[in-house]
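Good morning. Please have the sequence and the model open while I talk.

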Amino acid sequence: MTAAERAPLLQVRDLRTYFYTRAGVVKAVDGVDFAVQRGEIVGLVGESGSGKSNVCLSILNLVPKPAGRIVSGEIVLEGTNLLGLSERAMRTVRGRDVAMILQDPLSSLNPVFTVGDQVGEALRVHGRVSGDLRERVIGALQKVHIPGASTRLRDYPHQFSGGMRQRVMAAIAISCAPKLLLADEPTTALDVTIQAQFLQLMRELREGDLGILYVTHDLGVVAQLCDRVLVMYAGQIVESGTVEQVFHAPRHPYTAALISSVPVLGAKRRRLYQIEGQPPNPLAPPAGCRFHPRCPQADDQCRAAMPEPATDGNVTYRCWHPLNGRLSVTP
Amino acid sequence: MTQTAITPLLEVNQLTKRFPLRRSLALWREPPAVRAVEQVSFQINEGATYGLVGESGSGKSTIARLVLLLEKPTAGEVRFAGESIFPMRGRPLRAYRSRVQAVFQDPSSSFSPRMRVSEILGELPMLHQGLRGQARRERVSGLLELVGLPPAYAGRFPHEFSGGQRQRLAIARAISTNPRMLVLDEPVSALDVSIRAQVLNLLADLQQQLGLSYLLIAHDLAIVQQVSDMIGVLYLGHLVEECPSEELTAQPLHPYTRALLSAVPVPDPARRAKALPLQGEIPSALDPPPGCVFHTRCPLALPRCAAEEPPLITVAPHHQVACHLVPGQVSP
């Protein structure tokens, strides 16, 4: 194995994406480090406003300009720092090396072109056509299990159901055999049984070397699908590790509280654990640890200084008073 | 079991709602219709929570809208405290509207952006109880306190609140008429995970304090199970199973209920789903399958299922299921 193969597929270092608004600077992503290996599904969880979608947009260098700017950091895909690429070079990366699936397929698909046209477009643009384009399109649609692919490619997006549209998006995404797939809440708008089908598809797709960064707010999906998980809060990754570690012995109180506040099917009826308060104002995040105003065990140290990431075995966390493998937060 | 004479607070009997499409030129022919709700019956007892679960297109929101008198039924009736609601006019109708209130999914679209909290929460007490001036202001502060918001917020506008706080406001407005029942249509789906627990706990507290009954409509089985006493599972407008909340996970009988349960992602990596997901999608309600509506996706379907509609039968106290294979060999 050469050094290049051992290196992670994607390495993100100290990523900072800020938005300069009239009201002030929003540090949407504020010093984020993580890696995605080949054939690995990494879950990125967080609540709205935690910055998880902006991590994806930063990887593709699609942060809305001019308000948004990647202030610092490195995004290294197989040895190349994507932030150093020209816009022209970046265009060949998007869709070919790094593909993305968004939450709402209806607003990502063009209503006036057939599904076949749209899957074929990605192949044409990236010059990946060897032989018959139609065959390649049918192949991509079959890979995502769209029944009757050879006739359905002549249909328009509105003739597909929500679940099937999301499969079309997946077909477009994988048509050029990308190395990395960014999935931003792809099943949030789907019903549970359709979501289960889509998650099954994700598992199949990673069978090759495809690395997947799966953004979601649903801890259940992370536990069912992912190998590792990154927990984001107010622009930072507060805990990361293997799903087993993070779900069974979370070190950060936010992770623990989040897990405890989710109702579990089949559990006895009880009062749910509730995280008090609201997520912080992105314009004026609290000093020190950003979770301290809502944390039951915060003390002066937490209020004064931001903890640096600490690593312990397979987990990395940002907390002055990490929990000791117990899945409960006591005030 | 003693069948005591407690009349349920809400009784839904053989409720059916079809939305006809435009009539074709052949006027003698029945126009095609979306069969949203087909002969659904259930009851909600005083102080209890009845959860209706189902995927999109199952008819759960149509039932909510029927109970709220926002739609007229095609057939069937709904009785509230013994009174049939659809024929109500005048004074009884006003009384019904104040006794049954609703909380919807999206709290930002349920308020007028130009009204202050004091007006939003004071409007119904003024209309229904004639509260004015100081009495009305006191009522508003009382309501804010009940839902865990500072009374000082009375002067604010809805946009000044976060999503979770706005849902608290929606709940405050719903209870401002002293209702006996709330229809909760996906009350926490739009909220963040950490805020969901706050709102669900608040609803549980209010139920205890005020003796409210809830009709909870949601797609998230875990949430429905967590807060409901009885649960009804809907598929394509049909009630396919009804049971006490504890039995839903312990003893699900209908193959659809089982499939639904196994599709819920459990937040525990040690309990990964082993069963293959249910194949296919919910069929069109314009042209529902004959026989059992679920037979097109059912892993256990027999020829009989395509021909004959299974009746809802009682298999245990309070446990009903509509499946030809029950009681019988429904084992996975």
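Predicted model: local features only at pLDDT ≥ 70, side-chain atom pairs only at ≥ 80, totals over all residues.

One term first: two residues are in contact when they have heavy atoms within 4.5 Å of each other. Of the contacts in chain A with a separation of 6 or more, 64% are between residues 24 or more positions apart. For chain B, the share of contacts between residues at least 6 apart that join residues at least 24 apart is 65%.

Now the overall build of each chain. Chain A contains 13 helices and twelve strands. Its C-alpha atoms fill a box of roughly 65 × 50 × 50 Å along the principal axes. How does the radius of gyration of chain A agree with that of a compact globule? A compact globule of 331 residues would have a radius of gyration near 20 Å, and chain A has 21 Å, so the two agree. Buried residues make up 52% of the 331 residues in chain A.

Chain B has ten helices and twelve strands. Its radius of gyration is 21 Å, close to the 20 Å that the globule rule gives for 332 residues, so chain B is as compact as a globular protein of that length. The box for its C-alpha atoms is roughly 70 × 60 × 45 Å, again along the principal axes. In chain B, 51% of the 332 residues count as buried.

Next, two helices that are mostly covered. Helix α12 of chain A runs over residues 253-260, and eight of its eight residues are buried. They are Pro253(A), Tyr254(A), Thr255(A), Ala256(A), Ala257(A), Leu258(A), Ile259(A) and Ser260(A). What covers them? From chain A, the cover includes α10 (219-225), β9 (228-233), β10 (236-242) and α11 (243-248). Chain B takes part as well, with α6 (193-210).

The other covered helix is α1 of chain B, residues 60-67, where six of the eight residues are buried. The buried ones are Lys60(B), Thr62(B), Ile63(B), Ala64(B), Leu66(B) and Val67(B). After α1(B) comes Leu69(B), with a positive phi near 60 degrees.

Here is a general point about helices. An α-helix has 3.6 residues a turn, so residues three or four places apart point the same way.

Is Gln197(A) buried or exposed? Gln197(A) counts as buried because its relative accessibility is 8%, and the cut-off for buried is under 20%. It sits in helix α9 of chain A, residues 192-205. Apart from neighbours within four places in sequence, Gln197(A) is in contact with Arg167(A) and with Pro277(B), Leu278(B), Gln279(B), Gly280(B) and Arg297(B).

Arg6(A) belongs to helix α1 of chain A, residues 3-6. At 52% relative accessibility, Arg6(A) counts as exposed. Its C-alpha atom is separated by 30 Å from that of Met169(A), a residue 163 places away along the chain.

Now some backbone details in loops. The peptide bond from Lys65(A) to Pro66(A) is cis, with omega near 5 degrees. Pro66(A) is in the loop between α2 (52-59) and β4 (68-77) of chain A. Ala177(A) is not a glycine, yet it has a positive phi of about 50 degrees. Its loop lies between α8 (162-174) and β7 (180-184) of chain A, and Ala177(A) counts as exposed at 55% relative accessibility.

In chain B, His318(B) also has a positive phi, near 65 degrees. It is in the loop between β11 (313-316) and β12 (319-321) of chain B. With a relative accessible area of 47%, His318(B) is partly exposed.

Last, the empty space inside. Rolling a probe the size of a water molecule over the atoms shows where empty space is left. How many cavities of 30 Å³ or more are there? The count is four.

Key
Residues numbered from 1 in each chain as written. Chains lettered and ligands numbered in written order. Heavy atoms only, no water. 1 Å grid on protein atoms, 1.4 Å probe; cavity = no way out; pocket = protein on both sides within 12 Å on 5 of 7 lines; lining within 4 Å. Points joined across faces, edges and corners; volume = space filled by probe spheres on them. Helix = DSSP H or I, 4+ residues; strand = E, 2+ residues; numbered from the N terminus. Rg over C-alpha atoms; globule rule 2.2 N^0.38 Å. Buried < 20%, exposed > 50% of the residue type's maximum accessible area, 1.4 Å probe, protein only.
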